[in-house]
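Trainee: Could you show me how to read the features of a model, one at a time?

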Amino acid sequence: MKKIYAWEPWFFIFFGLFHMHRIWGLIDRQSYADFWLGVLAEKGIFYFALMGLLAVLCVCGMVVFFRHLKSNYWWRWIYLFGGSYLLFDLFAIAIDLKVWNDLLVMMFDVHSPWWNLIWGFFILLGAFVLGLGCVLFCQRKAQAGR
């Protein structure tokens, strides 16, 4: 029988909320861009704590995906693809990959006509992942017989 681990719903709930915080960027572009560009430039304790947490969660998800390779739920593919993307993103930022830095500068350009599309996509992704986390939470409770 397939099992949903206790931490899995929380994984998706966390990532969903993290993506949905970008609503702030639709409300106040400048303060949102200033905050995140400042975090990326400073690379202080908040940066390393957040990036470390994101990396650990992605690695845990990928481990679960590979441990259950022949009997995965469909949503565990998110661990593989989303985790690979995020780990690459963190690596590219860590080594100051020029093309990635240029992409981030473009994404945080408050005058870009693409601003709402870019951040709106991440918000919709967050809503989907948050909803998935809530569904998994309910399914996990049902599996545990509670």
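Trainee: How many residues does helix α7 have, and what distance does it reach from its first C-alpha to its last?

Mentor: Before that, note that this is a predicted model, in which local features need pLDDT of at least 70 and side-chain atom pairs count only at pLDDT 80 or more, while totals for chains, interfaces and linings use all residues. Residues are numbered from 1 along each chain as its sequence is written, and side-chain values use heavy atoms, with hydrogens and water left out. Helices are DSSP runs (H or I, at least four residues), numbered from the N terminus, and the expected span is 1.5 Å times one less than the number of residues. Helix α7, residues 115–143, has 29 residues and reaches 42 Å, close to the 42 Å expected.

Trainee: Which residues of α7 are buried, and what covers them?

Mentor: Buried means under 20% relative accessible area, exposed over 50%, and partly exposed in between, with a 1.4 Å probe and protein chains only. In α7 the buried residues include W115, W119, F122 and L136, and their cover, judged by contact (heavy atoms within 4.5 Å), includes α1 (7–20), α3 (29–42) and α5 (77–94).

Trainee: Where is I45 found, and is I45 buried or exposed?

Mentor: I45 is found in helix α4, residues 45–67, and counts as exposed because its relative accessible area is 77%.

Notes:
Helix = DSSP H or I, 4+ residues; strand = E, 2+ residues; numbered from the N terminus.
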